[in-house]
Amino acid sequence: MRPARNLIAAFLLPLTLLAGCTTTEDANRALQSRWIGQPVERFFAAYGPPESEYPLSSGKIYTWRGGDKTRYIPPTYSSPEPDRTIVRTETRTDGSGQTVVTQTRVMTRDPFWEPEMITPPQYQQLFCELQINSDTSGAITSIRASNDTDGDGFSLSRCAEVLGVEK
């Protein structure tokens, strides 16, 4: 019965950790509740200017990008060779049948073994990109993450990190 509990706990722990992570959907919900109806200038004053804007007869579409960061991911290597013990005994005798030398060597590791690289080092670009629509008066009518990478910490959303969205 006890191994079953341990197995269940092993599966539930990662799910519990993931449940605490913010996602792009969390960021979108928070953005919409916080910014729809607000002046677009207020958003840009808080987070910086847009990268581009496209005029429409009913308002404008803005593209905003922020939180740019490069994350280094170190290489991963195969795990170290497991310790093992090799015992070698050599016995030599002379021509008369008498034992001349008995030698025992114990090796705990292969001296020529080296770890193997599984994945090379990587650089990953992190950022948040939003599409913001406004009406002719400049009020935000819709806002959503159009391109969102993983976060720098435990977050699954860089937009959530940059815009201060908490779960």
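**Exercise 1. Which two residues form a disulfide, and how far apart are their sulfur atoms?**

Solution. Start with the cut-off: a disulfide is a pair of cysteine sulfur atoms within 2.5 Å. Cys 128 and Cys 159 form a disulfide, with sulfur atoms 2.0 Å apart. The pair links distant parts of the chain, 31 residues apart: Cys 128 belongs to strand E7 and Cys 159 to helix H4 (residues 158–162). Helices (H or I, at least four residues) and strands (E, at least two) are DSSP runs, numbered from the N terminus. Next, take the torsion about the S-S bond, which is about 100°, so this disulfide is right-handed. Last, check burial, where buried means under 20% relative accessible area, exposed over 50%, and partly exposed in between (1.4 Å probe, protein chains only). Cys 128 is buried at 0%, and Cys 159 is buried at 0% as well.

**Exercise 2. State what kind of model this is and where its confidence is low.**

Solution. The model is predicted: local features need pLDDT of at least 70, side-chain atom pairs count only at pLDDT 80 or more, and totals for chains, interfaces and linings use all residues. Residues are numbered from 1 along each chain as its sequence is written, and side-chain values use heavy atoms, with hydrogens and water left out. The confidence score, pLDDT, is given by the predictor for each residue from 0 to 100. Its mean over the chain is 81, and 72% of the residues reach 70 or more. Over residues 7–19 the pLDDT is below 50, and this stretch has 2 contacts in the model beyond near neighbours in sequence. A contact means heavy atoms within 4.5 Å. Where pLDDT is low, the predicted coordinates should not be read in detail.

**Exercise 3. Describe the chain as a whole.**

Solution. Begin with the elements: the chain has 4 helices and 8 strands. From the N terminus their order is α-α-α-β-β-β-β-β-β-β-β-α. Then turn to burial: 24% of the 167 residues are buried. For contacts between residues at least 6 apart in sequence, 61% join residues at least 24 apart.

**Exercise 4. Is Glu 129 buried or exposed, and which side chain of opposite charge is nearest?**

Solution. First locate the residue: Glu 129 lies in strand E7 (residues 122–135). Glu 129 is buried yet has no salt bridge, and the nearest side chain of opposite charge is Arg 65, 4.2 Å away. For charge, Lys and Arg count as positive and Asp and Glu as negative, while His and the chain ends are not counted. Leaving out residues up to four places away in sequence, Glu 129 touches several residues, including Trp 64, Arg 65, Arg 144 and Cys 159.

Methods
Salt bridge = Lys/Arg side-chain N within 4 Å of Asp/Glu carboxyl O.
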